[in-house]
Structures are given as C-alpha cells and as structure tokens.
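Let's take a walk through this structure together, looking at how its side chains meet. Have the model open beside the text as you read.

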Amino acid sequence: MPPHVISSPENGSNTSQDDSIYTQKCKGTGAMSEAKHSESSHPTQPPTFISPTTTLCILVMIDMFSVSLVVPLLHQYFQNAGVHSASQREMLSSLYSSSQIAGGLIIGALSDVGLLSRRRILFLSFLGSAISYALIVVGGLRKLIFSRVLVGLVKQTMTVSTSLLARYTTSETRAVSMGRLTASTTAAWVIGPSIGALLYKHVGPSAPALTASGLFLLNSALAAILLPVDDESVDDDANAKQKSRSKDGKFASFTANLKTCFSSSALASVVISLLLFGWVTRTTSYANMASFYEEKYGIEVHYRGYIKSYQQGLNFFIQSFFVRSLLSASGGERRAACIACFVLAGATLCEVNANFEVFLCLVCPAVAVSVGMIGVSLRSLVTQVAPQESLGSVLAAMDVLQNAASVTIYYSI
C-alpha cells in the first residue's frame, strides 16, 4: 500500500538549487549555439516560476490524491456493478495487474523507438486515468472491467516522474527531491481516503470518482503549463540506436534482469520473501474483503475511507519516528523481519474477535509496526545483498514479479 517524510513543496518565489541547475541546462550561450553539437541539444526554455522538481511533486500529489479518493471505496463500486463474490473481485484485481505488466512493456517499447517522450507518457497516464475513473460512474460490469484494464495499461505516473526527477537534478540534490516526491505520495494517501469518504456520504456515491476524474484532467493542464517541453526532443543518434533494438534484444534484457534476481542464494531468498510477503498480505487482509468491516463492526460503507486515512497516518508516523529505533533494538534487518512476522500473525488473529475499539487502538498500530518493519527490512536487505552494478536490474525485475504475483491471487480464492 502504496505504500516517508512529509515536507512542504518549495515556495515558487524561492530560488532553489534545482532551479539553477535546470536554468543552466536549458539556457545556452552564444558559443554553444554556434557549436556543431547544438543541433542535438535541448531547446532553450523560458524561466519558469515553479521549478521542474516542485512541479513533479505537485503532479504526483494530485495524482495520488485522486487515486486515494476512490481505491478504498472500490469494493462498493464493485458491488454496485454486480460483483459480489471474492473470486470476481480478485479477477478484476488480476486484470489490473496483468494490464500493468502489458502497459509497462508496451509504453517502454514505444518510448524506446522515440514515439513517446516521458512528458507524453505523463499525459497518457493522466488522460487515461480520467477516462477510467469516469467509467466507474457510468456503472455496469463491462464498463468496470474496461476501466480497470485501461488504468492498468496507462498508469505509469510514479515511474515516469522518478525518471524525470533524475533528469532535472544532480546526484547531490536527488535524494532531497526524491524525499519530497515520496512525501507527496504519503500526504495524499493520508488525506485522500477521508475526503473520498466525506464526498461519498454527503455528496453522493459517484462524487469521489467524478472528483478524481476531474483532478486527472486538471493534472493534464498543469503538466502542459508547468512542465518543461524540452523532453519532447530526442537526439537523432540516440533515436536511431533505440529504433535498431529488436524485440529479441528486449526479451533478452528482461530475462537477464530476471536471472540477476536469483544470481545468489542470499538475494534469491530476499526476493522470494518480498514476493511472499506481498502475496500473503493481499490474500489474507480483511481490508480486501468486501463488507467485512461493515458486517463485523456495523459501520457504513464510507467509513472505509476514514479507516484507510487512519492506517496510512499510523504507517507514516511509525516509519518516520520508530522504525529505525526498532531495527536497532531488534539486532538488524533479518531479526526485525522475523519478529515483525510473528507480531503481524498475532494482530491478524486478534482482528478476528476484536471489537471496533480494540481494532483501532491495538490491531491497527500492531499491523502498522509489523508491516513497516517487514517492508523496510526486506527492501534494505535487497540493497545489501544485490550487486551494486545490477541493483537497477533487480528492482526492475521485482516490479514485474510483484505484478505477476498479484495476477495469481485470483486463482487462490
């Protein structure tokens, strides 16, 4: 879940280091304009009142806020469309995960041959999401299926935003900018579910999806106005090299990344543990069961949004202030992950017979601590045992493997 330290976006009137870096990249001197390689350099851009890094944080926050308005209420939208069984719900989730795999490969191929720039991929993600969420309002099982497939195919916001962020920062400023991007996501998921619940209760069941669709359109407009267009031009030589890549080469690259994940027993064990953790969490979580909270605690549907905001707030607080101390007290990542697994198992069993007060005061904090500890520990172990020169390949392959594991959940119900 999507799953970080919150910091306020930069004030547009401040002159940051990122602003100066971007200005140096986009403004050429007379000597450079007369140089032979100037034909392949990026076009000169007028100075912007908001730096590209701040723009990306704004876009990501609006995007994640839009998603968080609707996702906690998806089960209710499924029921409204006639989806009542667990197998049907997981089939829709599997369709989404399958579409993400296919969409990543298709968009990556189009980007490699120069048909899609990163900026255009962002537009595709925002506009496709707007259409997808509007289809939820239309209703009907077919529309809902098409909605999940469509958003899975085009939703590449975080991947592209991270790539663009690397373009507009240096190695010295990148960590700070990445922290702001992560904080934007966290803030959106703390606030968004509660706003979605309020809209669902006091405006109407279709209000969260309609609001999200409108915000995606707003994001498209903001990206067109604020995001520099220099990414649209692609170097001809680089373009030619990308076009010369064959499908066999792409497949070989993917299989090479996959083999890297199992290049050693230590790395393979951590990768498998991460995949199992995500899979078991998805298949056994009561939050993923339709009407569980409503029937067990006698609450209304929109309370799911409040619960989600509360859980995300706990996750943020614990990961920001306690995880590091808990890791040290546990004696390292491996022991911390092992202890957290037992805590998570106990919290899950306790949830079966807990009343609403115990659920809020005991179960939710225990789950937040254990999930945070397991996630941080396993991700840290990946960076420790993976070869540093192959870390990017390992992470890319793990994204595909996690989506593939999500597809199999439907067959376990």
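Glu300 and Lys201 join their side chains in a salt bridge, with 2.9 Å from N to O. Glu300 lies in the loop between H14 and helix H15 (303-321) and Lys201 in helix H9, so this pair ties together parts that are 99 residues apart in sequence. Glu300 counts as partly exposed, at 41% relative accessibility, and Lys201 is also partly exposed, at 40%. Please keep in mind that this is a predicted model.

How many salt bridges does the structure hold? There are three, and the table sets them out.

| Salt bridge | N to O distance |
|---|---|
| Lys155 and Asp63 | 2.6 Å |
| Glu300 and Lys201 | 2.9 Å |
| Arg304 and Glu294 | 3.0 Å |

The salt bridge of Arg304 with Glu294 has an N to O distance of 3.0 Å. Arg304 lies in helix H15 and Glu294 in helix H14, so the pair ties together parts that are 10 residues apart in sequence. Both Arg304 and Glu294 are buried.

Lys155 meets Asp63 in a salt bridge of 2.6 Å, N to O. Here the pair links distant parts of the chain, 92 residues apart: Lys155 sits in the loop between H7 and helix H8 (157-167), and Asp63 belongs to helix H3 (residues 52-70). Are these two partners buried or exposed? Lys155 counts as buried because its relative accessibility is 12%, under the 20% cut-off. Asp63 is buried as well, with a relative accessibility of 0%.

Next, a look at helix H7 itself. Arg148 has its place in this helix, which spans residues 141-154. With a relative accessible area of 9%, Arg148 is buried. Which ring does the charged end of Arg148 sit over? That ring belongs to Tyr96, and its centre is 4.8 Å away. Leaving aside neighbours within four places in sequence, Arg148 is in contact with Leu74, Leu92, Tyr96 and Ser132.

Ser147 also lies in helix H7, and this residue is buried with a relative accessible area of 0%. Again leaving aside neighbours within four places in sequence, the contacts of Ser147 are Ser132, Tyr133, Leu135 and Ile136. Between the C-alpha atoms of Ser147 and Ala130 the separation is 9.9 Å, and these residues are 17 apart along the chain.

Now for the aromatic rings. A search of the whole structure finds 10 aromatic pairs. One of them is the edge-to-face pair of Tyr77 and Tyr200, at 6.4 Å centre to centre and with 75° between the planes. This pair links distant parts of the chain, with Tyr77 in helix H4 (residues 74-80) and Tyr200 in helix H9 (residues 174-202), 123 residues apart. Tyr77 and Tyr200 are both buried.

Tyr293 and Tyr297, by contrast, form a stacked pair, at 6.1 Å centre to centre and with 20° between the planes. These two tyrosines are separated by about one helical turn, because they are four residues apart in helix H14 (residues 292-297). Both Tyr293 and Tyr297 are buried. Together with Phe356 and Phe359, they form one aromatic cluster.

Finally, let's step back to the whole protein. It has 20 helices and zero strands. Buried residues make up 44% of its 413 residues. The accessible surface of the protein comes to about 20400 Å², and carbon and sulfur atoms account for 64% of that surface.

Terms used:
Residues numbered from 1 in each chain as written. Predicted model: local features only at pLDDT ≥ 70, side-chain atom pairs only at ≥ 80, totals over all residues. Heavy atoms only, no water. Buried < 20%, exposed > 50% of the residue type's maximum accessible area, 1.4 Å probe, protein only. Contact = heavy atoms within 4.5 Å. Areas by Shrake-Rupley, 256 points an atom, 1.4 Å probe, with all protein chains shown as cover. Phe/Tyr/Trp six-rings, centres within 6.5 Å; stacked < 30°, edge-to-face > 60°. Lys NZ or Arg CZ within 6 Å of the ring centre and 35° of its normal. Salt bridge = Lys/Arg side-chain N within 4 Å of Asp/Glu carboxyl O.
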